[in-house]
Amino acid sequence: MSNELSAKGERVLLQQARERFVAAFGSAPTAAACAPGRVNLIGEHIDYCEGFVLPVALPFVTVVVGALNNTGECNVISILGSGEELKASFLAPTASSPLKPGTPAWANYVKGVVANFPGGVSGFDAVIVTDVPIGSGLSSSASIEVAIFTLLEGLTGKTVGLVEKAKLCQKAEHEFPGMPCGIMDQYIVTMGKKDHALLIDCRSLESQHIPMELGDLAVLVTNTNVKHQLTGSEYPTRRAQCQEAADRLGLPSLRGATIADLEKLKQQNCSEDVLKRAKHVIEEIYRTEEVGRVMKEKNFQRVGELFYQSHDSLSQLMEVSCPELDQVVDILRGAPGVYGARMTGGGFGGCVVALVEKNEVENLKKRVLSSYKGTPTFFVSQPSEGAKLLKL
Ligand code: GAF
């Protein structure tokens, strides 16, 4: 098996989806949409504290094709990267019979969007094909949600503004899969731009595209290919601990807090865990704003230092890393051609993102392959477009 992860490209996925649609539903689809995965450069576990985040959209995408069917039923086939197929059918929501989360669990990502689509939607048939690695912290969930939303826009002719679209997809994820995520993933998946990262202010919901003019450098992503089975409460717990710190300070979120506020929290005898989470959030917000700035100045040495600081903070203060992520970062730390490395995404497995010299990429892969205890895969991240309708 190759350890290089490469995107299939939206035309290849579109062809696959269209052929499967015709075979399954007996006619051609009338609309098609795609939405990317994402990798976050820095600003981790702070979107839900109204901080800054700096993600990029990936060339890995979810493609969805579909057609309205006038039956009041929604029939969805999902083809995974492995070729495995999942199927789900559910009734389109009505005023008297709203949609509810249920089984199969994967269909909740679709149902949540259908339930939140403005003006509602009658029955439709759809085929989903994705090459976004699932469960790797690359936002396969937001990719499916935003692709479905965009398809429904294409099918119904009803559209909303891009920020509103991201917010509705985030609401879908809160209400159906039940994951209390921040806004980062749905926002970048909706608004990514080729060759740019996106600095998102998660309080004002304004953003600016930052050119990724890296010269001789590249963003190397290493997938540890581990996902630890946790209770599922870790993310909501972190979120609640951050909110507890903000409440104790009388603030709406930790966005407004400063390092001096940590002393106030100590005086209130708040738990060690809450203190650690607050310290991470306050410092990560500073780090992310700084990366936004120094990236424009092409001060990549400093970007790299901030990557390492971010990782150490996520590992020791936020406690969302794991031995495999720490190991990959340690292998890269100090290796020739590496400016900085950190875990990316929600944590407890998934990927490490590193800023490295282009001509060292192959050596670095070999270095990780020879020392990392698991089976890693790699790709060099090319900042890509956000969600869009595709021509059939
Ligand atoms: C997950 C969430 F969905 C995001 O909102 C964000 O909090 C991220 O974890 C951590 O930065 O991807």
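**Helix packing and a ligand shell**

Colleague: How do helix 4 and helix 5 sit, oblique or roughly antiparallel to each other?
Modeller: Helix 4 and helix 5 are oblique to each other. Bear in mind that this is a predicted model.

Colleague: What angle do the axes of helix 4 and helix 5 make?
Modeller: They cross at roughly 140° and come within 8 Å. Only angles over 145 degrees count as roughly antiparallel, so this pair goes down as oblique. Helix 4 covers residues 162-175 and helix 5 covers residues 184-191.

Colleague: And is the crossing left-handed or right-handed?
Modeller: Helix 4 passes helix 5 in a right-handed crossing.

Colleague: Which residues meet there?
Modeller: From helix 4 you have L162, K165, A166, C169 and Q170, and they meet Q186, Y187, T190 and M191 of helix 5. By class, that contact has 5 nonpolar, 3 polar and 1 charged.

Colleague: Nice. Moving on, how are helix 7 and helix 8 arranged?
Modeller: Those two are roughly antiparallel, because their axes cross at roughly 170°. The contact uses L262, L265 and K266 of helix 7, with V274, L275, A278 and K279 on helix 8. Its residues split into 5 nonpolar, no polar and 2 charged.

Colleague: New topic: which residues are around the ligand?
Modeller: N40, E44, H45, D47, Y48, C181, G182, M184, D185, G345 and G346. That shell has 3 nonpolar, 5 polar and 3 charged residues.

Colleague: Last one, what does UniProt annotate at residues 296-372?
Modeller: The unreviewed entry gives "domain: GHMP kinase C-terminal" for that span. In the model, residues 296-372 are 51% helix and 21% strand, with the end C-alpha atoms 33 Å apart.

Methods
Residues are numbered from 1 along each chain as its sequence is written. This is a predicted model: local features need pLDDT of at least 70, side-chain atom pairs count only at pLDDT 80 or more; totals for chains, interfaces and linings use all residues. A residue is near a molecule or strand if its C-beta atom, placed from the backbone, lies within 6 Å of it. Ala, Val, Leu, Ile, Met, Phe, Trp, Tyr, Cys and Pro count as nonpolar, Asp, Glu, Lys and Arg as charged, and the others, Gly among them, as polar. Axes are lines fitted to C-alpha atoms, for helices over the stretch in contact, and angles run from 0 to 180 degrees between N-to-C directions. Helices (H or I, at least four residues) and strands (E, at least two) are DSSP runs, numbered from the N terminus. Angles under 35 degrees count as roughly parallel, over 145 as roughly antiparallel, 65 to 115 as roughly perpendicular and the rest as oblique. A crossing is left-handed if the near helix is turned anticlockwise from the far one by less than a right angle, and right-handed if clockwise. Two residues are in contact if their C-beta atoms, placed from the backbone, lie within 7 Å. UniProt positions are given in the numbering used here, feature names are shortened, and annotations may be inferred rather than shown by experiment.
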